[in-house]
Amino acid sequence: MRTHPFRRRTLAATSIIGITAALLTGCGSGSGSEDGVTTVTFAASTFGDPGRGPQLLEWLDEFNTSQSSIRVAAAAVPYPTFGQTVLTQMGSGRGPDLIRFDMPEFEAASDAGLIAPLDDVIDTSEYKLLEQPDKFMVHDGVRHGVIFEASNYAMFYNADLIPNPPTTYQQFFDTARTLTKGDVFGLAFRQTEAEEAGVWQDIFNYVYGFGGAWSDGTNLTINSPKNLEGLQAYKDLYDANVIPRGTDAATFRRMFAEGKVGMELNNGGYVTATRGQNENLNFSVAPIPFPVRSQGSILAPIVINKASPAQEAAATFIRWALEPANQVKLQEILGASSVATVTERSAESLAETPFLPVFDELTPSSLPQIVLGFEAKTPDIRKVVVQNVIAALQGSVDLKTALDRAQQQATELVG
């Protein structure tokens, strides 16, 4: 068992309780027991994915069929509000029993003591866990999560529009500009405050892909020259009008599936979702063509709510999910993502999706989208950074001033 390698900052549970978010129906009642059957609620934004959601529900049904006294019920919460909604519920001692978190919210919930330790209910020595990403599941020697999905970011491109994918940022920029005409856009990314978490995921690739970082592990480095360089590249694309401005991720992903967007930077889970929208789309994947091979990864743990009255039943599901056959099935559903354990992709999967190795080879250079050294404060830092970057996009302030302001605000915030 590894100790988390980075310094953690304290986040009081009261700050989570104070998050203002609507509590969505279907995710607030927790577990229940009727006729000897314990119902465990499992909240995950992926249940709402058009491609993967139905298959994940079938996977849950396989668990339910295998059990006589436990049933897992899915609760789908929309991604843009997922973290705030679930953290609010957990902070008030309620919420789902099982949660698939993204890393920023996982760190916040863990630091606030809202997640049940797993060491006593799951013997991870029985499984061959993915070593590099799994270290982020352990804090100060205590395991708080197990990887549900590890999905590296890469460049998706329409192979009919782009026979030869760009290998440099300048080629990336030129390709986006050349393709943009009529109702077709060369590129798409999130750029509205309503999709704060998604904007953070998108700009992470520009920051780290240009050699930047949000911190040095001890101090915030939001306004570093490398960060400015990477975010200027992001803003240059926005200013070039090569994206469908104002559209949300659901809209421009549908446009990509319809051949109306040429390129996207996205994670491996998007493969299945894209095929679910258009099985005939001729698309492929390549590494993000930025100067430094470093990109974000959707590292999504599954955790047990400490307030859950059905922790043992929830742990039974996690143990079932970690069984080799169920891990293989989960990976097939998730597409180009990895799961908690080392699995081997089948010949059939590689024949159907030849670019799967592109994602797998990016694991050593992929990082979860957290601020190292300030993991539990990532949601708060994210909000500050995204607000200031979007202000620069909209022209109300220049980018350098925006990053200087974000640096000051975030530094004051973390104390």
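## Terms and model

Helices (H or I, at least four residues) and strands (E, at least two) are DSSP runs, numbered from the N terminus. The structure described here is a predicted model, in which local features need pLDDT of at least 70, side-chain atom pairs count only at pLDDT 80 or more, and totals for chains, interfaces and linings use all residues. Residues are numbered from 1 along each chain as its sequence is written, and side-chain values use heavy atoms, with hydrogens and water left out.

## The largest pocket

Rolling a probe the size of a water molecule over the atoms shows where empty space is left. Here the search runs on a 1 Å grid over the protein atoms alone; a pocket is an open set of points where a 1.4 Å probe fits, with protein on both sides within 12 Å along at least five of seven lines. The largest pocket has a volume of about 670 Å³, a volume being the space filled by probe spheres set on the points, which are joined across faces, edges and corners.

The lining of this pocket consists of 30 residues, each with an atom within 4 Å of a point. Ser45, Asp49, Tyr79, Arg190 and Arg253 lie nearest the centre. At least two lining residues come from each of α3 (79-91), β7 (146-158), α7 (196-209), α9 (249-257), β9 (261-267) and α10 (270-277). By type, the lining holds 12 nonpolar, 9 polar and 9 charged residues. In this count Ala, Val, Leu, Ile, Met, Phe, Trp, Tyr, Cys and Pro are nonpolar, Asp, Glu, Lys and Arg are charged, and the others, Gly among them, are polar.

## Helix α7

Helix α7, one of the contributors to the pocket lining, has 14 residues and reaches 20 Å from its first C-alpha to its last. This is close to the 20 Å expected at 1.5 Å a residue, where the expected span is 1.5 Å times one less than the number of residues. A kink of about 25° is centred on Ile203; the bend at a residue is the angle between axes fitted to the seven residues ending there and the seven starting there.

All of α7 is covered, as 14 of its 14 residues are buried (buried means under 20% relative accessible area, exposed over 50%, partly exposed in between, with a 1.4 Å probe and protein chains only). After α7 comes Gly211, whose phi is positive, near 85°.

## Aromatic pairs

The whole structure contains 29 aromatic pairs. Rings of Phe, Tyr and Trp (its six-membered ring) pair if their centres lie within 6.5 Å; planes under 30 degrees apart count as stacked, over 60 as edge-to-face and the rest as tilted. Tyr169 and Phe210 form an edge-to-face pair, 5.5 Å centre to centre with 75° between the planes. Tyr169 lies in helix α6 (residues 169-179) and Phe210 in the loop between α7 and α8 (225-239), so the pair ties together parts that are 41 residues apart in sequence. Tyr169 is buried at 15% relative accessible area, and Phe210 is buried at 6%.

Phe172 and Phe290 also form an edge-to-face pair, with 5.7 Å centre to centre and 80° between the planes. Because Phe172 lies in helix α6 and Phe290 in the loop between β10 (283-286) and β11 (295-304), this pair ties together parts 118 residues apart in sequence. Phe172 is buried at 0% relative accessibility, and Phe290 is buried at 8%. Ring pairs link Tyr169, Phe172, Phe173, Phe189, Tyr206, Phe210, Tyr234 and Phe290 into a cluster.
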